[in-house]
Amino acid sequence: MADVELLQRRLDRERAARKAAESLLEQKSLEVYEANQKLQDLADRTNAIVETAAEGIITYDCDGIVRSFNRSAKRIFGVASGVDQNIRMFFKDNPRRDSVLFPCWAYDDGENIDQHSPSESAELIGVRGHEKFFAEVAISRTTHRAQTTFTALVRDLSRRKQLEARLGQAQKMESVGQLAAGIAHEINTPIQFVGDNIRFLQSAFNDIAELLDAFEELATTVAAGGPADCLLKRIQNQSEIVDLPFLREEFPGAIQQSIQGIERVATIVRAMKDFSQPASESKSSVDINLAIQNTLDVSRNLYRDIAVVETFLDTELKPIPGLAGQLNQCLLNILTNAFEAIRDHHDLKTGQISITTRKLDDCVEIVIEDNGPGIPTDIRDRIFDPFFTTKEVGKGTGQGLAFVYDVIVNKHDGAIHVQSTAGQSTTFIISLPTVNSPEPREQSHAHAAH
Amino acid sequence: MKTKVLFVDDEANVLSGLRRMLRSQRDVWTMEFANGGAAALELLQQETFDVIVSDMRMPAIDGAELLMRVANQYPHMVRLVLSGQSEHEKIFRAIGPAHQFLSKPCDPEMLISTIERACGLRSQLQDEALQKLTSQISCLPSLPNIYRELVQELESDEASIDRIGKMIGSDIGMSAKILQLVNSSFFGLPQHVTCPKHAVAMLGLDIIRPLVLSANVFKQYEGSDFAGFSLEQSIQHGLAVATASRAIAETVEDISHLVDDSFIAGMMHDVGKLILAVNLPEKYSSALNLADEGNIAIWEAEKQVFGTTHAEVGAHLLGLWGLPNPIVEAVAFHHKPTASGGTCFAPLTAVHVADVLQEPLYPSDNAPAKLRLDRDYLASIDVLDRVENWVTLVKSEVFA
């Protein structure tokens, strides 16, 4: 009997233990389930964030195989899915592409998870089907359990480029407006003396007409053999009244100067017309010497009292492919800086600017030198930076040279350097290739200029 | 004696053009042409001239600089600018020394009539010393209160063109200067404007602000009132006559410019007194004393002391500044209207009558009235019958 009881008790104990274990198991299962749910939620949320982010987010491994491709990326690149494709497919091939997409940072990763963030973003040419577009990419990298993942943030710059073009146009309009006052003055002066001369000719003609009438009468009378004395007296009187010798002397001058005046006005108007062509994206044949001449014609009023401008233009120069309107604007921007530098630091007599053009093997070189106070060494690297200006608030926008840099270097594949001696001179050297460049170039940072 | 005119420009072509175009004037004027500021100054050292017409934009010595030197060294000369210039900063510099401003391209009729008008006044003001004095005035002093208020208003962010117009319109000196600027081409086409508020609205804040705050076209009266003369009272009297003149003009014909001209002419009619009192205070004081003791009108006393009256002096200045003819005429003849040779109602008529009628109401002392209506004049222009009306009108205006 005792044995049965013992067994019974043992059974009960075992049963109780099993029940406890079961309920513990249930509890633990529930916990695991909840933890899984939380993890899943977290994963879902994170995915949703990445998926719906406004920028394109692409992750890929060190071979370039894409692991994730969010919705914006699909939109930007025009694909239904980019996973398992190579990241390189989405960007146009060029020497920089790999170094941008797979940056390596100098220091060693000793940690499990290390993150490196980009110090600046870069521009690449993105590929969308058959189209190409400017894209801004920012790359970061993380390594987790010996697996490296790159994350690329991609932005389509097309719209921004459009706005930049419009800004450029607006700036151009602004400077045309600024020039307009000076040009009005340049036109008013010849118009004044052309008007004066013509009025003079008009009244002189009236006087002479009377004289001619008298002569005609004289001729008829003499031919008919009649008495000429009275008529001769009349002619003499009239000649004196109109001051014939004075008229004889002044006529050629009046006419000549009027013609000159008219030509001057025509030149200015023509230069203005050429100058204010709208900014275009497609290149045409540009005569650099003519562009320089136009820019000088249009800005003459600005520098008349400030500096003497001399040009040494190579007559062998052939037209180069370029964006005429923008090149004119570049020249104007550089020259305006020179005028202002001289005006603010020199007395009137000694301002000197020289513009030289030279034909080199594969490019055209333009050298603009002024004898102004020069550019201090500490800012020389920054003059092409957008929004950098040494003028006081409200006077300068800092866009002038940034615009120049963009047009010369990015749009024309050219180069621009600046040299300066403090207190003595500043020289800008621009070179523009004579051969068309095939594609629009990605933006290179202005620090490349020296 | 022919008027001698000197033209200055750095462009030889412009000078040749002018020379040819003005040929017709050679019987009336003697003309010389100088190519640049330095050449002009040299010429001026050798010969005397009555008028100088200069371009603004010239290298080395520019127009403003040239005219300033001329104002200093040859104060009697009429100084005109003929320029295609439009930059405001440059124009501000010319405002001081230049009497009037002509824009290029300028047609000959305009040029000739401007010069003729400016010179025509010489015969009015015989005294050379006074001529020089008037010729050199670049601005008239204003009441310090009004000046300060104006500066405050201009410096605030909420400046209102309306209020500014009113302020300027309430001061003689400021009104005269503003009208000079608008009636000449300093800032755009010359307009026959005689209402200071309009003039202010035409110029706009962007011009008025720098004009007042940096170019100093107005200045505060720094002298002190002396017996018989108070700037404040002068201005009040001016405003009173102005209001009365306007009321009178309105009864005759409601043409806006006649009415406006009458108002301004009334405002300005005694500007000559301001000139004399501010620049020759001692002499003026003795004139006032003389008037007081001898019981004669102030203008009669002035005639004895200065040889001329405030009417001619004031008219000379306003004429030099190119204010419209009706105004200048009103100021010149408001005590002797017959001498104007006018044959119909003009601002002169309104001002003459208003001045006389106002005298008993704003006496500068308690002496009996000394101004009389020129009945002959009023008869000759056929308005004698209206005088009764006007008397009532003016009296009621005061108490209105």
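The structure is a predicted model, in which local features need pLDDT of at least 70 and side-chain atom pairs count only at pLDDT 80 or more, while totals for chains, interfaces and linings use all residues. Residues are numbered from 1 along each chain as its sequence is written, chains are lettered from A and ligands numbered from 1 in the order in which they are written, and side-chain values use heavy atoms, with hydrogens and water left out.

Chain A contains 10 helices and 13 strands, where helices (H or I, at least four residues) and strands (E, at least two) are DSSP runs numbered from the N terminus. Of the 450 residues in chain A, 38% are buried; buried means under 20% relative accessible area, exposed over 50%, and partly exposed in between (1.4 Å probe, protein chains only).

In chain B, the axes of helix 9 (residues 172-183) and helix 10 (residues 196-203) come within 9 Å and cross at roughly 50°. Axes are lines fitted to C-alpha atoms, for helices over the stretch in contact, and angles run from 0 to 180 degrees between N-to-C directions. Helix 9 of chain B and helix 10 of chain B are therefore oblique to each other. Contact (heavy atoms within 4.5 Å) joins S175(B), I178(B), L179(B) and V182(B) of helix 9 to P196(B), A199(B), V200(B), M202(B) and L203(B) of helix 10. These residues comprise 8 nonpolar, 1 polar and no charged; Ala, Val, Leu, Ile, Met, Phe, Trp, Tyr, Cys and Pro count as nonpolar, Asp, Glu, Lys and Arg as charged, and the others, Gly among them, as polar.

Helix 11 (residues 205-213) of chain B has L205(B), I207(B), I208(B), L211(B) and V212(B) as buried residues. Seen down the helix axis, the buried residues of helix 11 of chain B fall within an arc of 160°, so they line one face of the helix; the arc is that of the directions from the helix axis to the C-beta atoms. The cover over these residues includes helix 4 (88-95), helix 7 (144-155), helix 8 (161-169), helix 9 and helix 10 of chain B.

E11(B) lies in the loop between strand 1 (3-8) and helix 1 (12-21) of chain B. With a relative accessible area of 13%, E11(B) is buried. Not counting residues up to four places away in sequence, E11(B) touches T189(A), F193(A), R264(A) and N35(B).

Note on methods: Parallel < 35°, antiparallel > 145°, perpendicular 65-115°, else oblique.
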